[in-house]
Amino acid sequence: MDMTPGEDFAQLLARLRDEYGVNDSQIATATGVSPSTVSTWNHRRRQPRPDALRALAAAYPKFSEHEIFAAAGRKTPGPLSPAAEERLLELFRGLTAEQQADKEVELRALAERNRSALS
């Protein structure tokens, strides 16, 4: 499936429901959230977190992760293999407490910039 130009997340969910013949409760179960949370997405009151977006892509593979993140107004996070995660954690463990706090601030700022980049 290709994203419809200008499609927002609520519109993507409508296409997903049609394509897979699922309801909001099934989407909620697949993404690990409550049906009321899915309702907030449908009514554009809230955008899903990245873990819910990834779960949605895994449960409904006709919709790519990139397409789902774009509809939610977010950039798609890069892949992180277990080996890469371990290397990063090892580097982080080698930092002082102050350096770790600084890196956390930097990473939060980057993540926030990514969240707002497509909004």
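Apart from neighbours within four places in sequence, Ile-27 is in contact with Leu-13, Leu-16, Arg-17, Val-22, Val-38, Leu-56 and Tyr-60, where contact means heavy atoms within 4.5 Å. The model here is a predicted one, so to speak of local features takes a pLDDT of at least 70, side-chain atom pairs count only at pLDDT 80 or more, and totals for chains, interfaces and linings use all residues. Residues are numbered from 1 along each chain as its sequence is written, and side-chain values use heavy atoms, with hydrogens and water left out.

Ile-27 also turns up in the largest nonpolar core, a group of 19 residues, as one of those with the most contacts inside it, alongside Phe-9, Leu-16, Leu-56 and Ile-68. Two or more residues of this core come from each of α1 (9-20), α2 (24-31), α3 (35-42), α4 (50-59) and α5 (65-71). A nonpolar core is a set of buried Ala, Val, Leu, Ile, Met, Phe, Trp, Tyr and Cys residues joined through side-chain atoms within 4.5 Å. Buried means under 20% relative accessible area, exposed means over 50%, and partly exposed is in between (1.4 Å probe, protein chains only). Helices are DSSP runs (H or I, at least four residues), numbered from the N terminus. In soluble globular proteins, nonpolar side chains tend to be buried together.

Beyond four places in sequence, Thr-40 is in contact with Arg-45 and Arg-46.

Then there is helix α7 (residues 97-117), where Leu-110 is found. Leu-110 is partly exposed, since its relative accessible area is 41%. Between Leu-110 and Ser-25 there are 33 Å in space, C-alpha to C-alpha, and the two are 85 residues apart in sequence. Helix α7 also gives the most to the lining of the largest pocket, with seven residues.
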